[in-house]
Amino acid sequence: MSHLTSNNSQNGSRAYLHHDLSIFSTEKIDTFTSESHHTVLHHLPIACHHCIATIGQGHNSYISSMVIGGQFLYTGSSDKEIQLWNRNGLSSHMDQEYLADNMVIKGNGAVKSMVISGDKLFSAHQDHKIRVWKISGHETQQYKLTHLATLPTLGDRALKLLTPKNHVQVRRHKKSTWVHHLDTVSALALSNDGLLLYSVSWDRTLKIWRTSDFKCLESVANAHDDAINALALSSNGDVYTGSADKKIKVWRKASEGENHTLVAILEKHKSGVNALALNIDENMLYSGSSDRSIMVWEKNIDDGNTVAVAALRGHTKSILCLTVISDLVCSGSADESIRIWRGIGRFYICLAVLEGHRGPVKCLTMERNQEYDDDPSDHTSSYFIYSGGLDRDIKVWRISIPST
């Protein structure tokens, strides 16, 4: 049984690398620590925060991914479970116990990533597969997930299998078609129009799928020198991939109908990249690494080059997840804490440190508190933060930030 309590107090058609690429790395960047605001911006309002709910024993193993869709929070675990939680209940009636509204179990190993487009949920799995689910029950309020497809589909695999040119060498005596991921699918992203699904894997490939018929359109082989852990996608089609090889790579299509080519390599991290997130204006990219830092990358509007402009330090162990909303950056770490950072121009301060998880914080998502947004007389911005960790807990936090 799941318990809800109130609280107040992780590593193809094939495209080839473009030879004309740039490696961006500034010689000097600003470093901001959790103490920066004490000495420089002590006059700024202080953020208030507290954990308003903890869902214990919701999963039988650690929480590996989460995503918000409509009124639900979807969580994936390391034991192949996906659960739906009504967010209205999570943020209000704290004196009751809640069971997940629905649960599905499929595949093997962890559910590594999830994205939602309309009435479809796409999930990435440790068993090398991507699964597609239909979200139904809007009319009856009896919501459930129904399995629609597993990628690559049987039809896609069969067509590619018949043509030798579609086969790639995966090991010394083994071949496979390029539509297959051959290791854990670690991250997913959707295009703005929802027509394309992007996936990355520990097999070092980047793949693009059409969401209308689930066909694999493109695969970038050997995109990195090591496992790919993270993925971010801009509205103009630029694709950012982060890897255990310490690099972030930027991929772009020169024109419609062509394959993606490598246009930039961003290097600053001293250990593997675990998380990527873009701000709403897409001129800032944030990367979290096992080197315990969050790098801030800025895209120059004149030449389009992306350079490192800041490093955020404060976590004492690996950064495992990032989420961005408005001017806030939220980071989860193996040090069991969550930090809230605010950007003011190129200056960053740590507004809050959220402590309460009893294990590494593996996934995060964030949304505005609509109650505050609907009140024009309230000069405070309020947000809900949902976090999942290796302690198997899902926590709900409320953070309020007075206007500057």
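Modeller: The largest nonpolar core has 20 residues, and L328, I338, I340, I385 and I399 touch the most other members. By nonpolar core I mean a set of buried Ala, Val, Leu, Ile, Met, Phe, Trp, Tyr and Cys residues joined through side-chain atoms within 4.5 Å. Buried is under 20% relative accessible area, exposed is over 50%, and partly exposed is in between (1.4 Å probe, protein chains only).

As for where they come from, β28 (319-325), β29 (328-333), β30 (337-344), β31 (347-355), β32 (361-368), β33 (380-389) and β34 (394-402) each supply at least two residues of this core. The largest share, 4 residues, comes from β31. Strands here are DSSP runs of E, at least two residues long, and helices are runs of H or I, at least four, both numbered from the N terminus.

Before going on, a word on what you're looking at: this is a predicted model, where local features need pLDDT of at least 70, side-chain atom pairs count only at pLDDT 80 or more, and totals for chains, interfaces and linings use all residues. Numbering runs from 1 along each chain as its sequence is written, and side-chain values use heavy atoms, with hydrogens and water left out.

Now zoom in on I399. Leaving aside residues up to four places away in sequence, I399 touches A47, C48, H49, I340, A352, S381, S382, Y383 and I385; contact means heavy atoms within 4.5 Å. Apart from this core lies another one, of 17 residues, including A277, L322, W341 and C350.

K80, in the loop between β7 (72-77) and β8 (81-86), has a phi near 70°, positive in a residue other than glycine. F214 sits in the loop between β18 (206-210) and β19 (216-220), and its phi is also positive, about 65°, although it is not a glycine. K80 counts as partly exposed, at 27% relative accessibility, while F214 is buried, with a relative accessible area of 12%.

One last stop is the loop between β13 (144-151) and α3 (154-161), where you'll find P152. A cis peptide bond joins L151 and P152, with omega about 0°.
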